[in-house]
There are 2 protein chains.
Amino acid sequence: MTEPIYLRLANRIVQRIEAGELRPGAQLPSEAKLAELESVSLGTVQRSLNHLAESGVLVRRHGRGTFVASAETPAQDLKHFRFLDQDGETILPVTSTLLAIEHVGPAGPWAAFLGAAPFFVLLRRLLDVNGEFKVYSELTLAGPRFEALLALDPKAFDGVLIRDYLTQHFNCPTLSVEQRMTVGPLPPRVCPLVEVPRETSGLHWELMARSYRDQPAIYQRVYLPPSDRPLQII
Amino acid sequence: MTEPIYLRLANRIVQRIEAGELRPGAQLPSEAKLAELESVSLGTVQRSLNHLAESGVLVRRHGRGTFVASAETPAQDLKHFRFLDQDGETILPVTSTLLAIEHVGPAGPWAAFLGAAPFFVLLRRLLDVNGEFKVYSELTLAGPRFEALLALDPKAFDGVLIRDYLTQHFNCPTLSVEQRMTVGPLPPRVCPLVEVPRETSGLHWELMARSYRDQPAIYQRVYLPPSDRPLQII
DNA sequence: CACCTAAAGACCTATATAGGACTTATATTG
DNA sequence: CAATATAAGTCCTATATAGGTCTTTAGGTG
């Protein structure tokens with residue numbers, strides 16, 4: 001056997017999602033229907049669906065059905081980060097401003113992760129954490145696929161979570177994340193944005209997110225100034 | 001049905017591991033034997049074992065058997081961290097020195113996570129990353145259970161990974177980790193240890209690890225000085 | 001002795017079947 | 001009309017069964 005049936009079925013379902021045939025939030029046929037349509041047994045369908053649910057592609061709801069994971073139905077504790085109060089309990093509110101959407105060339109640190117592309121789209125964002133301090137973030141996406149972003153007005157993104165937008169409009173949910181970080185002086189261009197003196201040390205945080213089929217999708221660099229508010233990664 | 005059979009069986013297996021009846025690395029009875037012993041069907045046993053394998057408690061090996069996860073058989077990419085070269089490829093070698101093993105009182109920041117205990121055991125460690133910089137770490141464990149550590153000679157830990165030691169000798173593997181971090185001036189007592197001037201900013205990294213049954217087991221604080229070597233969390 | 005073969009034992013995949021549990025919509029009833 | 005009961009549709013659990021694949025060991029063969 002080259003590849004188990006349940007994985008073949010799982011891959012076919014992912015293909016349909018990628019193709020836009022199944023949109024985020026859409027309901028899949030029932031287990032029994034899928035078994036009949038695909039000519040496999042019920043148990044095998046269940047195995048496929050459970051497999052995809054574990055990797056965050058689908059959401060299963062007892063008595064209701066199986067759905068494509070969307071922003072409203074985060075499958076896993078979708079890889080996110082947030083800032084806490086000192087007590088470690090309350091989550092601080094964050095507002096984001098999209099500064100610019102830029103067309104950038106094929107060279108850059110993102111190419112190592114995202115792969116070669118004719119150009120890239122770079123989103124510059126400034127996050128405000130509870131009015132206490134600011135965080136600067138650069139998010140890069142591969143060119144052709146996300147080209148439509150270039151035409152958009154940055155103001156339209158006020159209060160919108162980028163990840164949710166990419167999930168909704170580009171069928172590009174964040175399913176897994178790799179991360180690296182260093183501590184050191186923040187780049188000169190970043191210091192004024194996060195309102196700290198030049199040469200202030202801060203956190204350089206690099207996030208590399210993958211979507212369906214483990215395809216590299218988002219390369220993100222986040223710069224945090226010093227603060228006593230704990231950053232929690234979940 | 002109050003609790004599914006496969007979960008009851010899984011919990012029973014975890015209990016046996018916790019009780020020391022099944023040691024890390026030990027082989028479990030075969031699926032068929034377990035099915036007969038526990039008077040359940042083969043499929044249910046498989047579901048139990050797969051469930052425990054996914055949460056990192058067991059390791060399944062095709063054609064060989066099912067084993068209790070141990071330091072040599074890391075089930076998942078066990079939550080670890082490491083330092084990389086700038087290229088992000090090569091892993092820098094780290095050597096650790098155990099500075100002290102201390103008996104500390106019931107109060108402290110660890111109590112919030114580990115819970116109340118008559119006392120705690122605190123391990124002070126200094127890591128040397130490729131001879132380039134040092135990292136200071138404090139690891140706290142709940143009193144009674146880990147009391148035996150107090151009698152040990154810190155020198156005996158040279159070159160030993162603490163997590164592996166706890167897995168082997170205390171049946172206490174790290175199965176999940178929560179983490180928080182802040183950037184700011186390193187505490188005065190830490191600066192000389194990591195060989196930086198006072199008031200140097202660095203990373204305060206708090207790790208809270210759980211073992212079997214999601215029981216809080218390890219509270220760790222790590223202090224990193226500035227460096228251009230990326231810290232990778234996996 | 002070295003190499004190949006066969007068998008045993010383990011996990012892995014797949015099917016067919018049965019009933020339970022949860023959710024929602026519909027129909028019944030007071 | 002409101003509360004309840006029913007039914008349909010869905011996922012969830014469990015069993016029994018069959019054959020496959022992988023690893024190791026034991027024999028056989030040159």
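Student: How many residues does the contact take from chain B and from chain A?
Tutor: The contact takes 20 residues from chain B and 20 residues from chain A, where two residues are in contact if their C-beta atoms, placed from the backbone, lie within 7 Å. This is a predicted model, in which local features need pLDDT of at least 70 and side-chain atom pairs count only at pLDDT 80 or more, while totals for chains, interfaces and linings use all residues. Residues are numbered from 1 along each chain as its sequence is written, and chains are lettered from A and ligands numbered from 1 in the order in which they are written.

Student: Which elements of chain B give two or more residues to the side that touches chain A?
Tutor: On chain B they are strand 7 (176-185), strand 8 (201-210) and strand 10 (227-233), and strand 10 of chain B gives the most to that side, with 7 residues. Helices (H or I, at least four residues) and strands (E, at least two) are DSSP runs, numbered from the N terminus.

Student: And what classes of residue has that side of chain B?
Tutor: The side of chain B that touches chain A has 9 nonpolar, 8 polar and 3 charged residues. In this division Ala, Val, Leu, Ile, Met, Phe, Trp, Tyr, Cys and Pro count as nonpolar, Asp, Glu, Lys and Arg as charged, and the others, Gly among them, as polar.

Student: Which strand of chain A do the bridges join to strand 10 of chain B?
Tutor: Strand 7 of chain A, residues 176-185, is joined to strand 10 of chain B by 4 bridges, and the two run antiparallel. Within that pairing, Gln179(A) has Ile233(B) as its bridge partner. Two strands count as paired if DSSP finds at least two bridges between them.

Student: What's the order of the strands in that open sheet?
Tutor: There are 8 strands in the open sheet, with antiparallel pairing and the order 4(A)-5(A)-6(A)-9(A)-8(A)-7(A)-10(B)-3(B). Strand 4 (94-104) of chain A and strand 3 (81-83) of chain B are the edge strands, each of which pairs on one side only. On average, neighbouring strands of this sheet are turned by 20 degrees against each other, direction ignored.

Student: Starting from strand 4 of chain A, how many bridges join it to strand 5?
Tutor: Strand 4 of chain A is joined by 10 bridges to strand 5 (residues 120-129) of chain A, and these strands run antiparallel. Across that pairing Thr97(A) stands opposite Leu126(A), and Ser96(A) stands opposite Leu127(A).

Student: So what is the bridge partner of Leu126(A) in strand 6 of chain A?
Tutor: In strand 6 of chain A, Leu126(A) has Tyr136(A) as its bridge partner. Strand 6 of chain A covers residues 133-142 and is joined to strand 5 of chain A by 10 bridges, again running antiparallel. Strands 5 and 6 of chain A form a hairpin with 3 residues between them, and in the turn Asn130(A) has a positive phi of about 55 degrees.

Student: Which residues are closest to DNA strand C?
Tutor: Around DNA strand C there are 21 residues, of which Ile5(A), Gly43(A), Thr44(A), Gly63(A) and Ser30(B) are the closest. At least two residues each are supplied by helix 1 (5-18) and helix 3 of chain A, together with helix 3 and strand 2 (65-68) of chain B. Helix 3 of chain A gives the most here, with 3 residues, and the classes are 6 nonpolar, 12 polar and 3 charged.

Student: At what angle do helix 2 and helix 3 of chain A pack?
Tutor: Helix 2 (residues 31-38) of chain A packs against helix 3 of chain A at an angle of about 110 degrees, with their axes 9 Å apart. That makes the two helices of chain A roughly perpendicular. Axes are lines fitted to C-alpha atoms, for helices over the stretch in contact, with angles from 0 to 180 degrees between N-to-C directions; under 35 counts as roughly parallel, over 145 as roughly antiparallel, 65 to 115 as roughly perpendicular and the rest as oblique.

Student: Which residues meet where helix 2 and helix 3 of chain B touch?
Tutor: Glu31(B), Ala32(B), Leu34(B) and Ala35(B) of helix 2 meet Leu42(B), Val45(B), Gln46(B) and Leu49(B) of helix 3 in chain B. By class, this contact has 6 nonpolar, 1 polar and 1 charged residues.

Conventions: A residue is near a molecule or strand if its C-beta atom, placed from the backbone, lies within 6 Å of it.
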